[in-house]
Amino acid sequence: NLVTHWCNTSVDVESNCICFPLPNSNIVICYFPVENKFLISANLHGGSVVASYPYDDSRNHESKGYYSKAPDDEVFKYLAKTYASKHPIMKMGKPGCADSPEETFPDGITNGAKWYDVPGGMQDYNYLYGQCFEITLELSCCKYPPASALNEEWKNNLESLLSFMEQVHIGVAGFVTDAVLGSGISDASIVVVGIDHNITTGSFGDFHRLLVPGIYNITTVAQGYMPSTVLNVEVLEGPATQLNVTLQSLDNHTNETVTPTMASSTEFKMHNVSEMEDVQQSNTIEPEDFRHHNYIDMEILLRKYAMEYPAITRSYSIGKSVEERNLYVMEISDNPGVHEMGIIATIVHNIFNMYLYFYGQNQCSVPPIVLRARILLSH
C-alpha cells in the first residue's frame with residue numbers, strides 16, 4: 001500500500017504512524033482511529049492557506065506535480081471544497097504567502113501529492129486503515145501567528161469548521177441484520193460498485209458510508225451469509241439515504257428476493273448476485289471491466305456460481321489464512337463431493353498467489369480465471 005513502505009525515524013506523528021520504534025504518543029494516534037470508527041476528520045496546519053486531500057503519497061514518489069487519486073476522490077474533493085468555500089481567503093485560491101507568492105490552488109483545494117509528496121501521512125493512514133475520511137487544512141501562511149491574530153483566524157475558519165462537521169451526515173447509512181434473528185451483523189463489508197474502498201459495519205451492524213450525490217449499486221458481504229446487492233441507491237444532497245439490509249445465513253438461504261424496510265420514503269429492491277450480473281452483463285459472459293478481483297469480489301462470484309450450478313459444483317473451506325480468511329475451494333464435477341480422477345478444482349481467495357505465479361504474477365490474470373470458470377460452468 002501507499003503507507004507502510006516508508007519509515008521516518010523522527011518523532012513527527014504525521015510521518016511515523018506505522019514505523020518502529022514508535023513513541024507512545026504515535027502508537028496512541030495510530031490505534032485510536034482504527035479502534036474508534038470516525039467518519040471524517042481534519043488535521044490543522046500552518047504554512048499556506050489551502051485544503052489538501054488524499055493521497056499525500058504516490059507509488060512513484062515524485063516530489064510534486066503528480067495527482068495521486070484515492071478511490072473516494074470525489075468525496076474528498078467535496079469535503080475539501082466544503083471547507084474552502086466558506087473561508088474568505090482559502091476560497092480565492094491565492095494564499096499569497098511570502099515564500100511562494102505565485103502559488104495558486106483552484107477553488108482553494110489540492111490533492112496532497114500533487115502539491116508535494118508526503119510518505120506515511122496521517123490523512124492517508126486514517127483513510128486506508130481507519131475508514132475515516134481525513135483532509136489536511138493549511139490555515140495560515142504563518143505557522144506561529146501572534147496572539148493578536150488569533151481572533152481574526154477564528155472568524156476566518158468558524159463557518160468552514162461548522163460546514164465541514166455537517167458533512168458527517170452525507171451518504172448512505174443504516175444497519176445490516178440477520179434475516180432470522182434480527183440481530184446486527186458486525187464487520188460486514190459495504191461494497192460500492194466502482195469504488196475500490198470498502199467500509200465495515202460496527203458492533204451493532206451499523207454503518208455510514210460517505211458518498212457524494214449520485215446513483216450507486218451497493219453490495220453487503222458478511223462471513224457466513226449470502227451477499228446481497230441493492231441496485232440504484234439514490235444519494236441526495238443533505239442527510240444520508242437510509243438503507244437497512246438483511247442477510248440470509250448460508251444455512252437458511254433461499255433464492256427469494258428480499259425487500260428491506262427503508263427508513264426513508266424511497267424503497268430499493270434487494271437482488272441476489274445472479275440477478276445483478278444479468279443486469280450488468282446482459283446475458284454475456286464477456287466481462288465489461290478487466291480488473292483485480294479482491295477477496296470480497298471472489299467470495300461473491302464463488303457463491304454465485306455455487307448457487308447457479310448446484311448439480312455440478314461443491315464449494316467449501318479448506319482452512320484459514322494467516323488473516324483468518326476462509327480458503328475456499330470449488331469442485332466442478334458431474335459428481336460433486338465424490339473424489340474421482342479428472343475432477344477440476346478451482347481454488348480461490350488467498351490462494352490467488354498460485355494463479356498469479358502461473359500466469360506471470362500479474363493481477364490482471366485473475367479476471368481470465370473467473371471468465372474461464374464461467375465458461376466451463378455454462379457449457
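Is Glu-74 buried, partly exposed or exposed, and at what relative accessibility? Glu-74 counts as partly exposed, because its relative accessibility is 47%; here buried means under 20% relative accessible area, exposed means over 50%, and partly exposed lies in between (1.4 Å probe, protein chains only). The model is predicted, so local features need pLDDT of at least 70 and side-chain atom pairs count only at pLDDT 80 or more, while totals for chains, interfaces and linings use all residues. Residues are numbered from 1 along each chain as its sequence is written, and side-chain values use heavy atoms, with hydrogens and water left out.

Salt bridges make a friendly place to begin. Side chains of opposite charge can pair when their charged atoms come close. A salt bridge is counted when a side-chain nitrogen of Lys or Arg lies within 4 Å of a carboxyl oxygen of Asp or Glu, and the structure holds four of these. One of them joins Glu-74 to Lys-77, with an N to O distance of 3.1 Å. Both residues sit in helix H2, three residues apart, which is about one turn of the helix; helices (H or I, at least four residues) and strands (E, at least two) are DSSP runs numbered from the N terminus. Lys-77 has a relative accessibility of 23% and therefore counts as partly exposed.

Lys-81 is partly exposed at 40%, and Asp-107 is partly exposed at 48%. Salt bridges that share partners join Asp-73, Glu-74 and Lys-77 into one network.

Another salt bridge pairs Arg-209 with Asp-72, whose closest N and O atoms are 2.7 Å apart. The two residues link distant parts of the chain, 137 residues apart: Arg-209 is in strand E8 (residues 206-209), and Asp-72 is in the loop between strand E2 (48-53) and helix H2 (73-85). Arg-209 is buried, at 1% relative accessibility, and Asp-72 is buried with a relative accessible area of 1%.

Attention now turns to Gln-123, in helix H4 (residues 122-130). Gln-123 counts as buried because its relative accessibility is 1%. Its side chain makes a polar contact with the side chain of Asp-56 at 3.1 Å, and the Gln-123 side chain makes another with the side chain of Thr-136 at 2.9 Å. A polar contact is a pair of N or O atoms within 3.5 Å; within protein, one must be able to donate a hydrogen and the other to accept it, and residues adjacent in sequence count only if both atoms are side-chain atoms.
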